[in-house]
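Subject: Structure handover, with notes on pockets and helix packing

Dear colleague,

I am passing the structure below over to you, and I would be grateful if you could read the notes under it with the model open beside them.

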Amino acid sequence: MALPKQVKIVEVGPRDGLQNEKDFVPTAIKIELINRLSTAGFRNVEAASFVSPKWVPQMADGADVMAGIERRAGTIYSVLTPNLRGFEGALAARADEIVIFGAASEAFSQKNINCSIAESIERFAPVAAAAKEHQLRIRGSVSCALGCPYQGEVPVASVVDVVKRFAALGCDEIDIADTIGVGTPRRTREVFEAVTQVFPRERLSGHFHDTYGQALANIYAALLEGVEIFHASVAGLGGCPYAKGATGNVATEDVLYLMNGLGIETGIDLAQVVEIGDFISNAIGRPNVSRAGKALLAKARSEANTCA
Ligand code: HMG
Ligand code: MG
C-alpha cells in the first residue's frame, strides 16, 4: 500500500510518560508541558487520567491539570477514564475525548484494571454511552496487542475480538498498543492486517513502546498497512506501572524525523518539539532518550555557539 501523505501524531507524554515517574511531577510542569506541545502543533494531546489515585498516584491531579491548561482551538485533549467515576471527572474537566482502556490479554487486564476483559467491556459500556450522550469522542486502547508481560504470546484473534467489542461500544478511534514494546514489524503487519478487516483503517492508531528498539520499524510497518495515526511521547518519556521493565513510548522527535524524511506531513514543528524534550527532561531530571532529539539539540546548540 502507498504511504499516507499525512498522519496524525498523538502526543501521549503528559499521560503515558509522566504516569510512570517515580516522583510526582508538579502540576505546573504538566501544564507547561501540555501548553508547549499544543503550541508546537499537536492536534491531539493525551493530557491526564481520571483513574484511582490509589492505583496511579502520579495522575491524581488530572482535574487541576485540565483546569490549568490553555486550550488551543482545534486541539483534542484526551483523558483516560476506566469507569463512570472517571467519566464524570472527565466531563467536569471539559475533556474533548475519553479513552477507555482494555487489554487483549486476560492477565494484563487483571493487573491493570482489576477485572477480566469481559468485565471491563461491561464497565466501559455505560462510560461509552455517557460519552455519546455528551457528544464526546471515544477512543479505545487495546493493551498487549503484540505481547503481554504476564501471558507472553497474545493471539491475533484476541486483539481482533477486543477491537470488535470496542467498535460495538461506538469508539471513534482504536489504538493497537504494544504496551511492552516486544512487537516486530512482521507481527505488527499481521495484527493490522487482521484488525483492518473489522474496523476502519483510518480510525486505527499504532501505540508503540520502544523497549526492544523496534518501535520505529513497527511504525514503518504500520504505515505500509495504511495506518495514519501514531502515538508518541516527547523525549521518550514513560513506561507502564503495570508492565515492569517496559520503557517509554517511541520518542516523538524520532517519529517526526522519520515522517519528515518520508515526506509525510504532520503539521508539527520538530525544532519546537526538540526544545520541549529538553525542557521536560531537565524539569524532571530524567535523561532524554530521543536519538533525533539529542542529535538536533546538540546541532542547534553548536550552531548557536558558532554564531555567538
Ligand atoms: P478497583 O480497586 O478494582 O476498584 O480499581 P474500586 O472501585 O474498588 O476503587 C478503588 C478505589 O479507587 C476506591 O477508593 C474508589 O473510590 C477509587 P476507596 O473507596 O478505596 O477510598 N476510584 C477512583 N478514584 C478516582 N477516579 C476514579 C476512580 N475509580 C475508583 N475513576 C480501577 C479499579 C479501574 C479504578 C483501577 O484499577 C484503576 O484506576 N486502574 C487504572 C490503571 C491505570 O491507569 N493504568 C495505566 C493506564 S493504561 C496504560 O498505560 C496503557 C496504554 O498506554 C496503552 C498501552 O500502552 O498498552 C493506554
Ligand atoms: Mg502505553
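The notes that follow take up the pockets and then the helix packing.

This is a predicted model, in which local features need pLDDT of at least 70 and side-chain atom pairs count only at pLDDT 80 or more, while totals for chains, interfaces and linings use all residues. Residues are numbered from 1 along each chain as its sequence is written, chains are lettered from A and ligands numbered from 1 in the order in which they are written, and side-chain values use heavy atoms, with hydrogens and water left out.

Pockets

The largest pocket has a volume of about 750 Å³ and is lined by 40 residues, with Phe50, Val51, Ser52, Pro82 and Phe101 lying nearest its centre. Here a pocket is an open set of points on a 1 Å grid over the protein atoms alone, where a 1.4 Å probe fits and protein lies on both sides within 12 Å along at least five of seven lines, and lining residues have an atom within 4 Å of a point; the volume is the space filled by probe spheres set on the points, which are joined across faces, edges and corners. Among the elements that give two or more residues to this lining are α4 (84-92), β4 (97-103) and α5 (106-113), where helices (H or I, at least four residues) and strands (E, at least two) are DSSP runs numbered from the N terminus. The lining of the largest pocket divides into 18 nonpolar, 14 polar and eight charged residues, with Ala, Val, Leu, Ile, Met, Phe, Trp, Tyr, Cys and Pro counted as nonpolar, Asp, Glu, Lys and Arg as charged, and the others, Gly among them, as polar.

The second largest pocket, at about 280 Å³, is lined by 16 residues, of which Asp210, Ala251, Asp254, Val289 and Arg291 lie nearest its centre. Five of its lining residues are nonpolar, seven polar and four charged.

Helix packing

Helix α2 (residues 27-39) packs against helix α11 (residues 270-284) at an angle of about 175°, with the axes 10 Å apart; axes are lines fitted to C-alpha atoms, for helices over the stretch in contact, and angles run from 0 to 180 degrees between N-to-C directions. That makes α2 roughly antiparallel to α11, a term used for angles over 145 degrees, whereas those under 35 count as roughly parallel. The contact (heavy atoms within 4.5 Å) includes Ile29 and Leu33 of α2 and Ile276 and Phe279 of α11.

Helix α10 (residues 252-262) and α11 pack at about 165°, with their axes 9 Å apart, and are therefore roughly antiparallel to each other. In α10, Thr252, Glu253, Leu256, Tyr257 and Asn260 meet Leu270, Val273, Val274 and Gly277 of α11.

Helix α6 (residues 117-133) and helix α7 (residues 156-168), by contrast, pack at about 15°, with their axes 11 Å apart, which makes α6 roughly parallel to α7. Their contact is made by Ile117, Ala118, Ile121 and Phe124 of α6 with Val162, Arg165 and Phe166 of α7, and divides into six nonpolar, no polar and one charged.

With best wishes

Note on methods:
Parallel < 35°, antiparallel > 145°, perpendicular 65-115°, else oblique.
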